[in-house]
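Student: I would like to go through this structure with you. Please tie each term to its cut-off.

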Amino acid sequence: MAFTTDAPVHDLERAGAPPRPLIDPFARAITYLRVSVTDRCDFRCVYCMSEHMTFLPKTDVLSLEELDRLCSAFIAKGVSKLRLTGGEPLVRRGIMNLVSSLSRHLESGALQELTLTTNGSQLARYAAELKGYGVERVNVSLDTLDADKFRAITRWGDLDKVMAGIDAAQAAGLQVKINAVALKGVNEDELADMVTWAHGRGMDMTVIEVMPLGDVDEARLDQYLPLSMVRAQLAERFTLDDIDYRTGGPARYVRVKETGGRLGFITPLTHNFCESCNRVRITCTGTLFMCLGQDDAADLRAPLRASKEDKLLHTAIDEAITRKPKGHDFVIDRRHQRPALSRHMSMTGG
Ligand SMILES: C[S@@+](CC[C@H](N)C(=O)[O-])C[C@H]1O[C@@H](n2cnc3c(N)ncnc32)[C@H](O)[C@@H]1O
Ligand code: SF4
């Protein structure tokens, strides 16, 4: 059931005028918003979190109504694709109320896509409901098909639950894409089998290079596996044909001839994909990050909470977008093995 939001309709919407698009200083239209709805998670993936994470106090985290207001402000400004992420979005209490509420923007046509990135642990419970609210696709993060390895990578995860979640998602008619982080010495020998498995079930797959975000308990250089090596290994087994398919994101896709499926590579460390960047990210505290790889951010919680009207919020968003940088410069610091950025991926949601 949807909660009712008393968020004011933005002046432009009220006037029936077309929303003013968000254009950054490099003439890129910002049409894609990723929202981390919680910093909490039921897993502790080794590359993402330390085992003993300190989570944010609840008062710092935006309420579901505030998240709705924030997302709606971006949609009024031309964002047409919204991805809920986390932490684990499906462990946020009441998350379906937010999905339900946001689905009004799908109905109105303002939003073209509402989707989420999930670890899949709660999908069995929510898949049908998500589909009912107009979600068509979900990304499920899964790095291995081996239950013991899965437990070792996620520290707390149960592979059977995730598999049941994927089954439920497909049964509900959701398109599923599998995201696997390539981890040296952990799953590199398994990625080809995963491609066969994913494509055999009609799911696209994307391999992600480990990014130097946040302090985790393991040394980054131990985890880092350049995707150039992954691709070379996969090319020994498969014929990989470059294709033009783009999702507006950093992934570059190939068609695997033997399976007929699509395989994406996200290589933030070895490639620069910034020139076509159309996205910004919001944390669950309402901090807007204009670039995944830069520290500069804008606080949207203060303008959001300062007034019931959205004027301050819109001004803050406009101002922040003028500061969207041209690109990032990730480096794994080989001397100090320190993360390039101190925040964890679970803050910005990947
Ligand atoms: C932070 S998670 C949030 C959503 C959800 N909990 C999940 O795992 O799908 C989003 C994505 O970021 C990836 N990720 C987390 N930390 C990463 C890192 N340091 N480098 C590369 N990818 C990372 C995860 O594998 C996942 O695919
Ligand atoms: S990658 Fe996702 S599932 Fe794993 S710890 Fe991070 S937020 Fe949780």
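**Helix H3 and its surroundings**

Tutor: Start with helix H3, residues 95-108. Its 14 residues reach 21 Å from first C-alpha to last, close to the 20 Å expected at 1.5 Å a residue. The expected span is 1.5 Å times one less than the number of residues. Helices (H or I, at least four residues) and strands (E, at least two) are DSSP runs, numbered from the N terminus. This is a predicted model: local features need pLDDT of at least 70, side-chain atom pairs count only at pLDDT 80 or more, and totals for chains, interfaces and linings use all residues. Residues are numbered from 1 along each chain as its sequence is written, chains are lettered from A and ligands numbered from 1 in the order written, and side-chain values use heavy atoms, without hydrogens and water.

Student: Why is H3 called largely enclosed by the rest of the structure?

Tutor: Buried means under 20% relative accessible area, exposed over 50%, partly exposed in between (1.4 Å probe, protein chains only). Ten of the 14 residues of H3 are buried, so H3 is largely enclosed. Among them are Ile95, Met96, Leu98 and His105.

Student: What covers the buried residues of H3?

Tutor: The cover includes helix H2 (64-76), strand E2 (81-85), strand E3 (113-118) and helix H4 (123-132). Contact here means heavy atoms within 4.5 Å. Just after H3, glycine 109 takes a positive phi of about 90 degrees.

**Strands and sheet**

Student: What makes strand E1 mostly covered?

Tutor: Five of the five residues of E1 (32-36) are buried. Tyr32, Arg34 and Ser36 point one way, Leu33 and Val35 the other, and all are buried.

Student: How do you know that E1 and E2 pair?

Tutor: Two strands pair if DSSP finds at least two bridges between them. Five bridges join E1 to E2, which run parallel. That meets the rule. Valine 35 stands opposite leucine 84 in E2.

Student: What makes E5 and E6 a pair?

Tutor: Strand E5 (175-182) and strand E6 (204-209) share six bridges, in the parallel sense. Isoleucine 178 stands opposite methionine 205 in E6.

Student: Which order do the strands of the open sheet take?

Tutor: The twelve strands run E7-E8-E9-E6-E5-E4-E3-E2-E1-E10-E11-E12, with mixed pairing.

Student: Why are E7 and E12 called edge strands?

Tutor: Strand E7 (240-242) and strand E12 (297-299) each pair on one side only. The twist averages 25 degrees from one strand to the next.

Student: Why are cysteine 277 and cysteine 71 called buried?

Tutor: Cysteine 277 has a relative accessible area of 16%. Cysteine 71 has 1%. Each value falls under the cut-off, so both count as buried.

**The whole chain**

Student: How many helices and strands does the protein chain have?

Tutor: The secondary structure comes to twelve helices and twelve strands. Buried residues make up 56% of the 350 residues. Among contacts between residues at least 6 apart in sequence, 73% join residues at least 24 apart.

Technical notes:
Axes fitted to C-alpha atoms, helices over the stretch in contact; angles between N-to-C directions.
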